[in-house]
Amino acid sequence: VSEITDAVNAPEPTKNLDPAIFIDKSTAHLASTLGDPTMRRNEGAVEIWQYQLADCVVDIYFYNDAGSLIARHTDMRSPLLGGVIDSAACMMNLYEISETAGRIN
């Protein structure tokens, strides 16, 4: 009975995805997890993948590491200039696109 009660009262799994999990991952890994970015741009030696989501914008910064592009920094921000970011909603948006684009690795 205790096991059944514990299962019923167990918290629902968190359905969010912190962009920091992509640090040290390749562009191929990111594409397989989140799909193609909304925008890609280069700033000098850095390639930036941007995902424009319902509640935020997520930027992932890739640097060349022995011939491969590897994520070294991420940033979440409001889609509105000067707006306040809802980090929890943003991470939920990332989780949702991971569910449709592929799977979380």
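Me: Start with the hairpin of S1 and S2. How many residues sit between the strands, and which one takes a positive phi?
Reply: Two residues lie between S1 and S2, and Gly44 has the positive phi, near 65°. Strands here are DSSP E runs of at least two residues, helices are H or I runs of at least four, and both are numbered from the N terminus.

Me: What kind of model is it, and which cut-offs apply?
Reply: The model is predicted: local features need pLDDT of at least 70, side-chain atom pairs count only at pLDDT 80 or more, and totals for chains, interfaces and linings use all residues. Residues are numbered from 1 along each chain as its sequence is written, and side-chain values use heavy atoms, with hydrogens and water left out.

Me: OK, back to S1 and S2. In which sense do they pair, and over how many bridges?
Reply: Antiparallel, over five bridges, with S1 covering residues 39-43. Pairing requires at least two DSSP bridges between the strands. Arg41 has Ile48 of S2 as its bridge partner.

Me: What is the partner of Ile48 in S3?
Reply: Tyr61. S2 and S3 pair antiparallel over seven bridges, and their hairpin has four residues between the strands. Val57 in S3 stands opposite Gln52.

Me: How many residues of S2 are buried?
Reply: Six of the seven in S2, residues 46-52, so the strand is mostly covered. Buried means under 20% relative accessible area, exposed over 50%, and partly exposed in between, using a 1.4 Å probe and protein chains only.

Me: Where does Glu47 lie? And what is the nearest side chain of opposite charge?
Reply: Glu47 lies in S2. Glu47 is buried and has no salt bridge; Arg40 is the nearest opposite charge, 4.8 Å away. Lys and Arg count as positive, Asp and Glu as negative, while His and the chain ends are not counted. A salt bridge needs a side-chain nitrogen of Lys or Arg within 4 Å of a carboxyl oxygen of Asp or Glu.

Me: Which side chain does Glu47 join in a polar contact?
Reply: Trp49, at 2.7 Å. A polar contact is a pair of N or O atoms within 3.5 Å; within protein, one must be able to donate a hydrogen and the other to accept it, and residues adjacent in sequence count only if both atoms are side-chain atoms. Leaving aside neighbours within four places in sequence, Glu47 is in contact with residues including Arg40, Tyr61 and Leu69. Contact means heavy atoms within 4.5 Å.

Me: What does Arg40 form a salt bridge with?
Reply: Asp36, with the closest N and O atoms 3.6 Å apart. Asp36 is exposed at 60% relative accessible area, and Arg40 is partly exposed at 46%.

Me: How many salt bridges does a search of the whole structure find?
Reply: Five. Arg41 and Glu43 form one of them, at 2.9 Å between the closest N and O atoms. Arg41 is partly exposed at 26%, as is Glu43 at 46%.

Me: Which residues are linked in a network?
Reply: Asp24, Asp65 and Arg72 are linked by salt bridges. Asp65 and Arg72 meet at 2.4 Å, N to O. Asp65 is partly exposed at 36%, and Arg72 is partly exposed at 35%.

Me: And where is the place of Asp24?
Reply: In the loop between H1 (2-9) and H2. Asp24 has a positive phi of about 75° although it is not a glycine. Its relative accessible area is 52%, so it counts as exposed.

Me: Switching to the S3 and S4 hairpin. Which residue in the turn has a positive phi?
Reply: Ala66, at about 55°, with two residues between the strands. Ala66 is exposed at 81% relative accessibility. S3 and S4 pair antiparallel over nine bridges, and Tyr63 stands opposite Ile70 in S4.

Me: Last topic, H3. What do its buried residues pack against?
Reply: They pack against helix H2 (27-34), strand S3 (57-65) and strand S4 (68-77). Among the buried residues of H3 are Met91, Leu94 and Tyr95.
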